[in-house]
Amino acid sequence: MSKEKRVIPCLDLLLDEKGGRVVKGIEFEELIDAGDPVAFAKKYEAQGADALVFLDITASVQGRETLLDVIERASKEISIPFTIGGGISTMDHIQRMLDAGASKVSINTAGVKDPDFVAKAVEKYGSEKIVIAIDCKRNPDISVAGVHIFEEDGEKFWYEVVIMGGNEGTGMDVVDWAQEVENLGVCEILLTSKDRDGTQDGYDLPATRAVAEAVSIPVIASGGVGTIDHMVEGILEGDADAVLAASIFHFDKYTVSDVKEELKKHGIPVCE
């Protein structure tokens, strides 16, 4: 293992009367207000975060755009790269996100509905600017043809891609979709397990490993971190290139520095 692994705090954003707050929930619901996103961003940069991800988690559901104000403020306050996602569905949206200071944009629902949109975005802005976020959920209906079947604790299932904040199934197999978006030319995949989101039970390792082994672009593991050990597992067992977490950082259970020190103890190279 020679490639340096990244540690990425994620800030889930919710639009409110204050203009945008960091929130955290369970399985994309039961949201708790955690604080101001730019203050968090500055804190995480000081702790040694390699990058940040801002996700406007209800933008697709509410049919509105991501929070431009948060991006503009963050770009003035921090120097590490950050990705913004949520409700990005047009080339104009992408342009405004990048103009506001985002390093990359993350496309999810719109890409599933129109893969050609992803291809056009890559062509116009370059591979290094376009990330595909994939949300997936275990589906026990193994009668579906052509999907990758997994088995755990005697139960068989496949991973279905879900969209609209995890509220809508697509019938698409997560491994197949990951390979398709790699062929479209994106720079990395942000993979989140809806089953694990906010549970603090750890990443869905079979999903993470399956996607990471199926593509050659970096895969960011997301959804379910409750301990530093979960982040170690995401790399050693999930084969992820980067590990992302929210709750454990927001509520000061661990710092980014704590995570990096633990990764190094397990022989995992990290960015200094």
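This is a predicted model: local features need pLDDT of at least 70, side-chain atom pairs count only at pLDDT 80 or more; totals for chains, interfaces and linings use all residues.
How are H3 and H4 oriented to each other, roughly parallel or roughly perpendicular? Helix H3 covers residues 68-77. H3 and H4 pack at an angle of about 30 degrees, and their axes lie 8 Å apart. Angles under 35 degrees count as roughly parallel. H3 and H4 are therefore roughly parallel to each other.

Which residues of H3 and H4 make the contact? From H3 come Leu68, Ile71, Glu72 and Ser75. From H4 come Arg96, Met97 and Ala100. By class, these residues divide into four nonpolar, one polar and two charged.

**H4 and its other partner**

Helix H4 spans residues 91-100, and helix H6 spans residues 115-125. Their axes come within 11 Å and cross at roughly 40 degrees. H4 and H6 are therefore oblique to each other. The crossing of H4 past H6 is right-handed.

On the H4 side, the contact uses Met91, Ile94, Gln95 and Leu98. On the H6 side, it uses Phe117, Lys120, Ala121, Lys124 and Tyr125. Six of the contact residues are nonpolar, one is polar and two are charged.

**H9 and H11**

H9 brings Ile228, Asp229, Met231, Val232 and Ile235 to the contact. H11 brings Asp258, Val259, Glu262 and Leu263. The split by class is six nonpolar, no polar and three charged residues.

| Helix pair | Angle | Axis separation |
|---|---|---|
| H3 and H4 | about 30 degrees | 8 Å apart |
| H4 and H6 | roughly 40 degrees | within 11 Å |

**The cavity**

How many cavities of 30 Å³ or more does the count give? It comes to one. The largest cavity has a volume of about 40 Å³.

Which residues line the largest cavity? They are Cys136, Leu191, Thr192, Ser193, Asp204, Ala207, Thr208 and Ser222. Two elements each give two or more residues to this lining: strand S11 (188-193) and helix H8 (205-214). The largest share, three residues, comes from S11.

What is the lining of the largest cavity like by class? Three of its residues are nonpolar, four are polar and one is charged. In the contact of H9 with H11, by contrast, no residue is polar.

Technical notes:
Residues are numbered from 1 along each chain as its sequence is written. Side-chain values use heavy atoms; hydrogens and water are left out. Axes are lines fitted to C-alpha atoms, for helices over the stretch in contact, and angles run from 0 to 180 degrees between N-to-C directions. Helices (H or I, at least four residues) and strands (E, at least two) are DSSP runs, numbered from the N terminus. Angles under 35 degrees count as roughly parallel, over 145 as roughly antiparallel, 65 to 115 as roughly perpendicular and the rest as oblique. A crossing is left-handed if the near helix is turned anticlockwise from the far one by less than a right angle, and right-handed if clockwise. Contact means heavy atoms within 4.5 Å. Ala, Val, Leu, Ile, Met, Phe, Trp, Tyr, Cys and Pro count as nonpolar, Asp, Glu, Lys and Arg as charged, and the others, Gly among them, as polar. On a 1 Å grid over the protein atoms alone, a cavity is a set of points where a 1.4 Å probe fits but cannot get out, and a pocket is an open set with protein on both sides within 12 Å along at least five of seven lines; lining residues have an atom within 4 Å of a point. Grid points are joined across faces, edges and corners, and a volume is the space filled by probe spheres set on the points.
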